Amino acid sequence: MAVTPPDSPPGATATPTQCDYWLVLDTDWRILFASASLLERLEASDDRLVGQPFTALLAPHSQLPAATTPTGADGSHPDSPLELLLQDSAGRPLPLHFHLRALQTGHGLGSGWLLYTEDFDRQTLQLATELADLQERFSQLVMRNRTGLLVVGRDGRIRFANPAARGALGRSQDQLLGSEFGIPSVTGSTELDIVRANGELGVAEITASHSQWQGEPAWLVMIHDITERKRAEEALRYHAEHDALSGLANRALLLASLRRMLAQARRQQQPLALLYLDLNRFKTINDTLGHGIGDQVLMEAARRLRHCTRAGDLLARLGGDEFCVVIDMPHGEDDARAVAEKVRRAFREPYLVEHHRLHAEASIGIACHPRDGEDAEVLLRNADAAMYQAKREASGEPVFYRPALGERSHALLALETRLRKALARDEMRLRYQPVVRLRDLRLSGCEALLRWRSAGGRQRWPGQFVPVLESMGLILEVGDWALARACRQLAEWRAAGVMVPTVAVNLSPLQLGDASLVERVATLLETHDLVPSRLVLEITETAVMRAPDRTRMVLAELSRLGVGLHLDDFGTGHSSLSLLSRFPFDTLKIDRSFVRKLSEQPRQRQLLQAILSMADALGMGTVAEGVETARQLQILRELGCHAVQGFFLSRPLSAGNLARLATNESLAWLVTRRQRPGRNPAAGVYP
Amino acid sequence: MSRPRFSLYLCGAALPRNRQARKRLETLLESLYPEGVELRVVDIQSDPEAAESAGILAAPTLIRQWPEPVLRIIGDFSDADGVRNLLE
């Protein structure tokens with residue numbers, strides 16, 4: 001210890017008496033210790049005095065002599081005599097003759113003052129200086145500790161607070177001392193919320209232990225401010241449970257929250273509904289305009305979803321363009337229907353992103369608890385099944401789950417699963433089948449046909465998977481993709497200096513029913529700077545008849561754009577010739593089934609003759625599909641059919657092979673080479 | 001005779017740890033006062049002024065307004081015996 005006791009004790013000659021009053025003060029003249037004798041004399045209690053300024057002990061109008069005002073720790077007032085008038089707790093004056101001595105500890109961190117009366121002995125002085133040093137060490141330990149320390153009395157009031165505790169509680173020493181903290185009731189380390197004076201909230205870990213403070217039972221409360229750590233943890237958890245793009249819950253949080261909501265719903269017998277949403281043809285937006293635009297659409301979709309729902313509803317993005325809403329239904333399924341309708345209307349509005357007007361309507365499936373599933377996974381799966389049914393129906397109406405939706409064959413499910421991934425995995429291709437004009441045997445155009453080579457390596461024909469695509473509603477996305485791909489191909493051929501007069505692309509009934517089709521086509525033409533008539537859209541009779549009035553409107557708009565319109569598969573459906581005049585088709589495509597029967601049945605020839613004459617009269621072109629033999633070709637030429645396509649001339653070709661074919665002035669060689677005997681008519685040989 | 005009056009101050013009444021603390025307290029109060037108590041729950045997040053005027057430093061804080069003496073207990077009430085001793 002570096003405290004230096006005085007060489008000769010002051011008042012050593014006096015015998016130690018009960019009057020050995022003494023006090024230890026800090027540099028600010030606050031009381032650190034008072035001797036028991038002085039406390040007794042003043043009828044004051046320790047905890048009332050400690051921390052108080054020394055002047056509080058002085059009688060009114062009594063002052064410290066100027067010379068005793070603190071000047072620092074340099075011992076400039078060694079053992080100065082001091083006449084002071086104190087008062088006891090009852091206000092009775094007590095004149096005392098003190099000596100003042102500066103106390104200097106070895107730490108250089110602070111010092112204090114010792115006030116003692118005449119009768120103070122050397123031994124007591126030694127004790128006092130040691131206590132002062134100990135106090136300082138303790139003070140340093142406590143005051144500089146980063147853990148907040150509170151001493152709370154039995155009455156719940158704060159007796160002591162170190163700076164860290166003041167910081168954690170956001171209050172000053174004056175605000176804390178004597179204020180009510182409360183009697184701690186915690187076991188071990190407990191997280192409590194902290195209410196700071198400025199209204200800020202924090203979190204602290206608190207431990208409380210029984211202790212003593214100045215002879216009284218008290219609690220020592222340790223406060224560890226973990227506000228920052230909690231915030232960081234929360235941010236991490238948020239990150240783990242939310243979709244960064246939309247700010248909505250992710251699948252993990254959805255399932256966890258849904259489980260909790262289901263448990264509560266069971267207790268309260270309150271039905272819940274899970275709405276499963278998918279943006280129609282979002283993939284097309286991503287693929288054609290890039291992920292940046294796609295992301296903005298998703299963010300806007302999330303915003304709309306928030307707008308359509310109440311604050312208590314659970315919203316989640318399951319990845320991609322799939323969203324989920326969980327609502328409770330105090331009024332039964334009408335509640336779910338109302339929310340779904342609201343969402344549907346909100347999603348029907350076009351998305352305006354960087355000068356693009358984009359359409360991504362929602363298909364909505366709904367599963368209700370408890371009817372459609374007791375647990376979260378089943379409910380989610382059934383809502384998903386209902387959503388796919390909504391996509392299939394393509395009416396835009398939300399679909400409620402029903403058990404039949406879950407009973408599709410395993411094989412179909414497997415095919416659907418692979419198909420769903422086909423576009424993402426770039427497994428779809430277009431092949432181009434040449435259409436040859438019979439008048440001069442030149443290339444009049446080509447038809448783009450879809451091919452799918454799945455992961456297994458097997459190539460599939462449209463007949464094998466297009467119906468499934470249609471039943472899944474996926475045909476919209478695939479159809480969009482094909483349309484965009486064909487337009488890009490036209491531009492690529494043009495850039496390569498190859499003249500391909502037209503590319504015909506098949507439109508599904510679902511695409512025809514899509515409000516944004518015309519805009520989509522216009523955008524593609526513009527994007528690739530195409531002459532509109534180079535693009536031909538093929539629509540089947542069946543598709544036309546599904547919604548004739550609507551189709552007529554759409555076709556009129558497409559026709560105004562200048563794109564070609566072919567009536568596809570003519571002869572398979574209604575075959576209503578009167579239909580032809582009411583729709584702006586420029587070309588009639590005669591179905592292969594018609595062509596196949598040509599050589600066998602004379603009646604077919606007459607019928608075809610009538611059709612071709614009618615088409616001529618309406619100013620329409622004619623293309624016969626599925627021409628497989630020289631005989632068929634011969635008859636078609638005689639009947640005056642304008643153009644043909646089929647295996648007899650060429651299989652569907654890759655873009656490169658079609659380009660090579662297109663560089664031929666005349667395709668007469670396609671016909672002549674096939675007339676050599678012994679050749680398999682289905683096998684193709686290409687330049 | 002009126003029933004014992006309590007106020008419970010919480011920060012985020014819906015948080016699981018606060019719901020637990022409240023449940024523990026209610027169980028405790030039920031066993032102590034079979035005739036029932038008046039328990040007012042104040043969420044500091046939605047009513048910061050109430051917390052300020054009551055001089056709440058940390059939450060949960062329970063104040064017993066009646067019967068006297070007025071008592072203030074802070075913590076999650078996991079020390080059931082301690083709380084029981086204080087309230088009895």
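Reader: Which residues is A:Leu537 in contact with, leaving aside its neighbours within four places in sequence?
Author: Happy to start there, keeping in mind that this is a predicted model. Contact here means heavy atoms within 4.5 Å. With the neighbours within four places in sequence set aside, the contacts of A:Leu537 are A:Leu483, A:Val505, A:Leu507, A:Val521, A:Leu558, A:Val563, A:Gly564, A:Leu565 and A:His566.

Reader: Which members of the largest nonpolar core touch the most other members?
Author: In soluble globular proteins, nonpolar side chains tend to be buried together. The largest nonpolar core in this model has 90 residues. Those that touch the most other members are A:Leu419, A:Met428, A:Trp493, A:Val503, A:Leu537, A:Leu558 and A:Leu636.

Reader: Which helix gives this core its largest share?
Author: The largest share amounts to 12 residues. They come from chain A, within residues 475–495, and that element is helix 14.

Reader: How many residues are in the other core that lies apart from it?
Author: Among the members of this other core are A:Ile206, B:Phe6, B:Leu25 and B:Leu28. Counting its members gives 36 residues.

Reader: Is A:Leu441 buried or exposed?
Author: A:Leu441 sits in the chain A loop between strand 19 (428–437) and strand 20 (442–453). Its phi is near 55°, a positive value in a residue other than glycine. Buried means under 20% relative accessible area. Because its relative accessibility is 13%, A:Leu441 counts as buried.

Reader: And is A:His355 buried or exposed?
Author: A:His355 also has a positive phi, near 70°. Its place is the loop between strand 15 (351–353) and strand 16 (356–358) of chain A. The cut-off for exposed is over 50%. Since the relative accessible area of A:His355 is 88%, this residue is exposed.

Reader: What is omega for the peptide bond from B:Glu68 to B:Pro69?
Author: Most peptide bonds are trans. The bond from B:Glu68 to B:Pro69 is cis, and B:Pro69 lies in the chain B loop between strand 4 and strand 5 (71–75). Its omega is near -5°.

Reader: Which residue does a cis peptide bond join to B:Pro60?
Author: B:Pro60 is found in the loop between strand 3 (58–59) and strand 4 (61–66) of chain B. The cis bond has an omega of about 0°, and the residue it joins to B:Pro60 is B:Ala59.

Reader: How far apart in space are B:Ala14 and B:Asp43?
Author: B:Ala14 lies in the loop between strand 1 (5–10) and helix 1 (16–32) of chain B. In sequence, B:Ala14 and B:Asp43 are 29 residues apart. In space, C-alpha to C-alpha, they are separated by 9.3 Å.

How values were computed: Residues are numbered from 1 along each chain as its sequence is written. Chains are lettered from A and ligands numbered from 1 in the order in which they are written. This is a predicted model: local features need pLDDT of at least 70, side-chain atom pairs count only at pLDDT 80 or more; totals for chains, interfaces and linings use all residues. Side-chain values use heavy atoms; hydrogens and water are left out. Helices (H or I, at least four residues) and strands (E, at least two) are DSSP runs, numbered from the N terminus. Buried means under 20% relative accessible area, exposed over 50%, partly exposed in between (1.4 Å probe, protein chains only). A nonpolar core is a set of buried Ala, Val, Leu, Ile, Met, Phe, Trp, Tyr and Cys residues joined through side-chain atoms within 4.5 Å.
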